[in-house]
Amino acid sequence: MSDISECGIVVPNDWVPLPIEPSDDVRGWSKATAAELRDRSKAAGYDLDRATLRKDLRSRAEDSRSREPFYAFALYPNGFDFALAILEVDLIHPDDTVPEITLDWLAETFSADDFGPSEISHTDLPIGPAVRIRQNFAADTRSRRSPGILMESLTYGVVPTGAESAVMLLMSWTVPGLSEEMGNAADSIAKTLTVGF
């Protein structure tokens, strides 16, 4: 068994990579990226407010940075000045408390029953066996007076063939009515995961 030294992923062009390294200039990145996304949407016939877009980009980047994932992306289709979904990839390594990472452990650890039982299934991805967890959570709101927001998520926990560590892919969204589209997107993206030892 080996430890994972690198991880790769392929996402469609409307998924924007978020700056998650401590040395990254989030303010400068959000300004430049907002201009790029505004130009892309304008070419497709949409007019976006650059300040709103810049604020959303900074907020999404800072939120992902707080969790220190391996990769983070935000979905900005043409015409949207806010992210429709977030995608994060991380690695989980065995330690003294969890000496062996299994699919059953991943399913138990990363599922919650906030809004009914999680939908858990097992599948095989090109890099190895995986557990797929579809569930809903109560998301934090920006104001105490605002009603709660339902956050939907789809998580893949993969134990790559020959690895001791696991690769976690988490996609989450709060816009209602996108469950099928986001599920299909997560399923497609999960198949692109690669690892190196």
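Student: Start with Phe 82: buried, partly exposed or exposed?

Tutor: Phe 82 is partly exposed, with a relative accessible area of 32%. Buried means under 20% relative accessible area, exposed over 50%, and partly exposed in between, with a 1.4 Å probe and protein chains only. This is a predicted model, in which local features need pLDDT of at least 70 and side-chain atom pairs count only at pLDDT 80 or more, while totals for chains, interfaces and linings use all residues. Residues are numbered from 1 along each chain as its sequence is written, and side-chain values use heavy atoms, with hydrogens and water left out.

Student: OK. How many aromatic pairs are there?

Tutor: The count comes to four aromatic pairs. The rule takes rings of Phe, Tyr and Trp (its six-membered ring) with centres within 6.5 Å; planes under 30 degrees apart count as stacked, over 60 as edge-to-face and the rest as tilted. One of the pairs is Phe 70 with Tyr 71: the ring centres are 5.1 Å apart and the planes at 90 degrees, so this pair is edge-to-face. Phe 80 and Phe 82 also form an edge-to-face pair, at 5.6 Å centre to centre and 80 degrees between the planes.

Student: What about the accessibility of Phe 80?

Tutor: Phe 80 is partly exposed, at 31% relative accessible area. In the other pair, Phe 70 is partly exposed at 33%, and Tyr 71 is partly exposed at 26%.

Student: Which residues form an aromatic cluster?

Tutor: Phe 70, Tyr 71 and Phe 73 form one aromatic cluster.

Student: Switching to charges. How many salt bridges does a search of the whole structure find?

Tutor: Seven salt bridges. The term means a side-chain nitrogen of Lys or Arg within 4 Å of a carboxyl oxygen of Asp or Glu.

Student: Which residue does Glu 152 meet in a salt bridge?

Tutor: Arg 134, with 2.4 Å from N to O. Glu 152 lies in strand E7 (residues 149-158) and Arg 134 in strand E6 (residues 128-139), so the pair ties together parts that are 18 residues apart in sequence. Strands here are DSSP runs of E with at least two residues, helices are runs of H or I with at least four, and both are numbered from the N terminus.

Student: Is that pair buried or exposed?

Tutor: Glu 152 is buried, at 8% relative accessible area. Arg 134 is buried as well, at 14%.

Student: And which residue does Arg 67 meet?

Tutor: Asp 63, at 2.9 Å from N to O. Arg 67 is partly exposed at 41%, and Asp 63 is partly exposed at 37%. Asp 63, Arg 67 and Glu 88 are linked in a network of salt bridges.

Student: What does Arg 38 pair with?

Tutor: Arg 38 forms a salt bridge with Asp 47, the closest N and O atoms being 3.4 Å apart. Asp 47 counts as exposed, at 62% relative accessibility.

Student: Last topic. Which residues gather in the patch of positive charge?

Tutor: Arg 27, Lys 31, Lys 42, Arg 50 and Arg 54 gather in that patch on the surface. Helix H1 (26-43) and helix H2 (50-65) are the elements that give two or more residues to the positive patch. Patch residues have over 30% relative accessible area and no salt bridge, with like charges joined within 9 Å and nonpolar side chains (Val, Leu, Ile, Met, Phe, Trp, Tyr) within 5 Å. Lys and Arg count as positive and Asp and Glu as negative, while His and the chain ends are not counted.

Student: Which helix gives the most?

Tutor: H1, with three residues. Lys 31 lies in helix H1 and is exposed, at 54% relative accessible area.

Note on methods: Accessible areas come from the Shrake-Rupley method with a 1.4 Å probe; for residues, only the protein chains shown count as cover. The place of a charge is taken as NZ of Lys, CZ of Arg, CG of Asp or CD of Glu.
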